[in-house]
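Hello,

Here is the structure I said I would hand over. My notes on it follow.

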Amino acid sequence: MTRNNFIITIIAFFFLIITSELPAQTNPNIIKSEIIETIDSTTYYLHFVKDGESVFAIAKVYGVSVNDVFKHNPESRTGVHAGQVLKIPFEQKEKTRAKDETTLRKDEDFFYHIVKPHETLYGISKGYRVEIEDVKRINPGLTENLKEGQMIKIPALKKPGISYFEEESDETKLHTIVQGETLYGIAKEYNVSIGEIKNANPGLTGVLSVGTSILIPNQIEKETANASENKSEAADSSKYHIVVAGETLFRIAKNYAVSVDTLKKHNPGLNDALYIGQKIVIPDATDSRNYIVHVTHEKEKLNKIAKKYDVSLSRIQSMNPGLKKKVPGGQQVRIPVQPRKIEQPKDDLDNDKEVIAENPCGDLQMDKEAVYNIALMIPLFLEELDSLLVKDRVDISEQKDLLSFRFIQFYEGLLMAVDSMRNQGMNLNLFVYDVDNTPEKINKVLRASELGGMDLIIGPFYSTGFKQVAKFAETFNIKIVNPLTYREEIIVNQPNVFKVRPPYSTQADQLVDHILKKYPLHHILLVRHYKYKYQSEASYIKNRLNSERKKGVFISNKSLYDAIKSHEEKGVNNVYSENTLLDKQYIKSHIDDSTWFNNTAKEILYSADSLRGLSRNISRARPNLVIALSNKRVFQYDLLSQFNKLAEDNSISLVGIPKWDELEKQEAAHLINLNFQYFSPSFIDYSDKLNQEWIREFRDTYHTEPSESKYAFDGFDIGWYFLNALYRYGRDFENCIPGFDIHLIQTHFDFEQNPPNGFQNTHWNLLRYNGYKVVNDKL
């Protein structure tokens, strides 16, 4: 099969398995940017220009004049181009309106509910303790005729401290947090579980703020409490489970290694119809058997019993030899479970807590019987393929600019990770959704009835869709991965979000650590283009270096004298080193001595100091390390040219931050001459045998070369990392992330979290030129 025909086959396969009912896409409407920054005491929207946008259309969207755009963006007078960033004035009335809109969004906060069989609007509103009218108000067109799988918005409760599906009780107490308190200590003090406190205080995390008041549930008068000591041992040795979306009575029974009949015995009136927030008493374990007993009340198929408990049919058959596929009524069936530990006396709780805190993932095992559901929301733009598929033969080279090809290698890389995990024994279902930045596609995928049962969501790739799906994921406690954005706001107040791309803000600390280790005696120069651009980053780097490095160094006068003679031969009479005029006569007369130089990092504004400032401030007698802070290509190329001239007679190494990685394909001779170093989120070591093997497998499978720019390696690395985490540590794998390390093709993940925000990878690769080869300096 030729490569062209193979790709046509692949496209046809995608079209068959991933359908899209949307019409062909037109140029998107201009959307007002959500990024607002203050530059030189003026507040602006930062608008990223897209293909087809004009200054007139952009000005109209923001309610400003074309002259306002020209005034703050002089270069736009000659036209704008895709990728250009425009500063749009943010007027005071806009600030007021934005504030009002923010308040409105908070007042209208909501989460999603997926309709289950036989549910009514009345029952749902009663269960969530909201008015039917409020539900209808935020769901325009909603009727009483609900359908199974339908997704409706539920307005969030405004009253603090009251949980859904729980009655307000007089048996509560208000506790004010004091310095040093923890949830564990508070729970122990009031003789309640941590889970009960969290259920009574929605949104409460383990990070407590001094002075905050929280509700303590199940607190009654001391006399009643004393009387409760006489309750039965069964009542004392129990805890509670709060039902969440997607749970069934059978799966709860399996998870706690307690039979359904035992749960019903301890919960009078309990039946199979559970509702979100329902409180179920879970009796403590009395034995450590590896099974529970299911009693059939009528004839049941064995595979349906397995499905009820979310275990494989083979495991049930191995535990019940001779059991037929159709089980008669009254039959006892053993259901395999993870044995529960017998509860220890309360006096030992402190010791248990310490062990768990130190090694929370030590005893976890891979569950080869669990089935994991993974959602990939990727922009495939399938509507573009209609015209391609009806032709008998197509020249693929003519279709390279189709949007459908942009992320296809991400999908292929992810499929390789999926296949590898299945070969290791992981049972998983991969659901692929064609999702871009169009509201129709986003709303369509959120209506998918199976979405609430996902264990992991990868994507969407565009910020608008990601924000909406992240809200859904938070409602159903699903981990969600953002694969491409660098913007840190994507994780704010989103504890379930994992952001893979590292933030530029972490480069400064990693660079300083690298300099302190590798260049303790180099002369450090920081170069910026404009007065205010990257001012805070430069100040931070300079202050850290100057506080943690030696204050001064001695340089031999012999080295200084050689530098003077070298420049005199080129007609330079006054020679400066580190902004100090070298006195030739004095140095010559003290040739065996040394001269003390300040070792502090210095800063140069290129727009003010130009080449003369660079020339005066570099060192003529010791190595220089120049840190250039800019993302402007024109300035970067100019700086490369000037430093290459200075490097003819001086030792200069150049580090570029924050966005210099695109230069690696250009000006190679200049970069090599300056020992150029730069940060990149990815680096592929083609000499690594595992990487070589993976690349060969990709070529053999897809008959094409894997490309960084087409996200092939991103797809594999993200899939390989998160599927391994899910398989090894289960659905709550975030607790094990700090100690989780695994070989990836092009990067390394170091996830950090600052609650209540989500997780973001902080790892950057610091790459440098070693001749014509780019190597990775391990940070």
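The lining of the largest cavity divides into five nonpolar, four polar and three charged residues (Ala, Val, Leu, Ile, Met, Phe, Trp, Tyr, Cys and Pro count as nonpolar, Asp, Glu, Lys and Arg as charged, and the others, Gly among them, as polar). This is a predicted model, in which local features need pLDDT of at least 70 and side-chain atom pairs count only at pLDDT 80 or more, while totals for chains, interfaces and linings use all residues. Residues are numbered from 1 along each chain as its sequence is written, and side-chain values use heavy atoms, without hydrogens and water.

A cavity here is a set of points on a 1 Å grid over the protein atoms alone where a 1.4 Å probe fits but cannot get out, and lining residues have an atom within 4 Å of a point. About 70 Å³ of space lies in the largest cavity, where a volume is the space filled by probe spheres set on the points. Its lining includes Arg501, Asp714, Asp717 and Phe749. Helix α28 (residues 712-729) gives the largest share of that lining, three residues; helices are DSSP runs (H or I, at least four residues) numbered from the N terminus.

The axes of helix α17 (residues 408-423) and helix α27 (residues 689-702) come within 11 Å and cross at roughly 115°, with axes fitted to C-alpha atoms over the stretch in contact and angles running from 0 to 180 degrees between N-to-C directions. α17 and α27 are therefore roughly perpendicular to each other (65 to 115 degrees). In contact (heavy atoms within 4.5 Å), the residues of α17 include Leu415 and Met416, and those of α27 include Trp694 and Phe698.

Regards

Conventions. On a 1 Å grid over the protein atoms alone, a cavity is a set of points where a 1.4 Å probe fits but cannot get out, and a pocket is an open set with protein on both sides within 12 Å along at least five of seven lines; lining residues have an atom within 4 Å of a point. Helices (H or I, at least four residues) and strands (E, at least two) are DSSP runs, numbered from the N terminus. Angles under 35 degrees count as roughly parallel, over 145 as roughly antiparallel, 65 to 115 as roughly perpendicular and the rest as oblique.
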